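Here is my note on the model you sent.

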Amino acid sequence: MTAPRKICVVTGSRAEYGLLYWLLQEIQADPDLELQLVVTGMHLSPEFGLTWQQISADGFNIDRKVEMLLSSDTPVGISKAMGLGLIGFADALAELEPDIAVVLGDRFEIFAAAQAAMNLRIPIAHIHGGELSEGAIDDAIRHALTKLSHLHFTAAEVYRQRVIQLGEQPERVFNVGAPGLDNIARLPLLHRAELEAAIGFKLATRNLLVTFHPVTLEDASAAEQFKQLLQALDAYPEVHVIFTYSNADADGRIIAELIEGYRERWPQRVAAFVSLGSLRYLSAMRLVDAVVGNSSSGLLEAPAFKVPTVNIGDRQRGRLCAASVLNCSPQAEAIVAALAQIWSGALAPVLANLQHPYGSGGASAAIKQVLKNTDLGPLLKKRFHDLATLP
């Protein structure tokens, strides 16, 4: 009997795990595959909610934990964390000996894992390549991961073409749509009363879900931009706000401090969470009037619910946007104007006929099939694919 193919999936953040959840389920349920799960980064940090516990509660065995986060959110601290991660992943992957490693996105934790896999001659499959987020270092990491990887799963055809433009062989690049949409199709979401009980917070007539991450290619902008957002929220004192904390990027802590200060000032209308988890986060997204901030979830998941997004600043600049996404500058007046447009009802016709640029679900099953059926032997030796238009 042929041994099951060992597929090692790496996750380092709550949001990324939510996108990977149904792929993990698909792999785990297939008798021809063996799921290996390596958990790192924010999952192992008390500051970010020890979310590895949720992964275990969901029924997944964690094969290795790679500690890498330092008690620092400075650029130097992040760089040192990447070095620790490379050491930890080298040991973990050498012990697990997977047939292929699966990574998603553009985080520095994942970059460390991919470097270790490369040196150990383990093929890499990358999800969500080809995208742009020009306001963050994630943009460079994402393209670097593309060049380290051997199979590619993109969320839209334009992204598939961009990965090919980066020199990847077309037959190894698959447009499968966004795997996060599988959560929306397959996860039984909470109704209003259930969500209120789950988060200990009452929704009002108008509600917002806010997530704001540091813009890592701009100096000392996190506090300044987030204060502008809070000033805009002050213009709507009747609106209830659910904040989720930012991720472990440089300057992330200043945002957490500002959220806590704002919650103390408005205890009746503001709730804040280190991590809501996929169920509560998506349930809240479905029930609010808009998603506000600069998280990719406002572009990927919110349009599937026909919920508008106020996308602030440059962090997501370059990504495909549905017509429900209102892009604005990180200035209080611009944010207030975008929110006013949402509550004016002007977007109702747009939402009624909304087309989602990232598909309609089914990505996880499609990815699993490629991981299962692809001949892994020839993957390591990559040929650079030149475009026909090159001289």
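Where is the place of H128? The first point takes this up.

1. H128 sits in the loop between β5 and α5. Please bear in mind that this is a predicted model. The phi of H128 is positive, about 75°, although the residue is not a glycine. Most residues other than glycine have a negative phi. H128 is also buried: its relative accessible area is 6%, and the cut-off for buried is under 20%.

2. L50 belongs to the loop between β2 and α2, the helix of residues 52–57. Is L50 buried or partly exposed? L50 is partly exposed, with a relative accessible area of 26%.

3. Now the sheet. Seven strands form an open sheet in the order β3-β2-β1-β4-β5-β6-β7, and the pairing is parallel. β3 (64–66) and β7 (173–175) are the edge strands. Each has a single partner strand, so one side of each lacks a neighbour in the sheet. From one strand to the next, the twist averages 20°.

4. β6, residues 151–154, pairs with β7 in the parallel sense over three bridges. Opposite H152 stands V173 in β7.

5. Helix α15 (residues 363–373) packs on this sheet. It touches β1 (5–11), β2 (33–40), β4 (100–104), β5 (124–127), β6 and β7. The direction of α15 makes about 170° with that of β6.

6. Which residues of α15 are buried? They are A363, S364, I367, K368, V370 and L371. These residues lie on the same side of α15, because they cover an arc of only 165° around the axis. Note that K368 is in the buried set.

7. The largest pocket holds about 1000 Å³ of space. It is lined by 47 residues; R14, A15, E16, Y17 and G18 are the closest to its centre. Four helices each supply at least two residues of the lining: α1 (14–29), α5 (138–148), α11 (277–287) and α12 (297–300). Which helix gives the largest share of the lining? That is α1, with seven residues.

Key:
Residues numbered from 1 in each chain as written. Predicted model: local features only at pLDDT ≥ 70, side-chain atom pairs only at ≥ 80, totals over all residues. Heavy atoms only, no water. Pairing = 2+ DSSP bridges. Axes fitted to C-alpha atoms, helices over the stretch in contact; angles between N-to-C directions. Contact = heavy atoms within 4.5 Å. Buried < 20%, exposed > 50% of the residue type's maximum accessible area, 1.4 Å probe, protein only. Arc of directions from axis to C-beta. 1 Å grid on protein atoms, 1.4 Å probe; cavity = no way out; pocket = protein on both sides within 12 Å on 5 of 7 lines; lining within 4 Å. Points joined across faces, edges and corners; volume = space filled by probe spheres on them.
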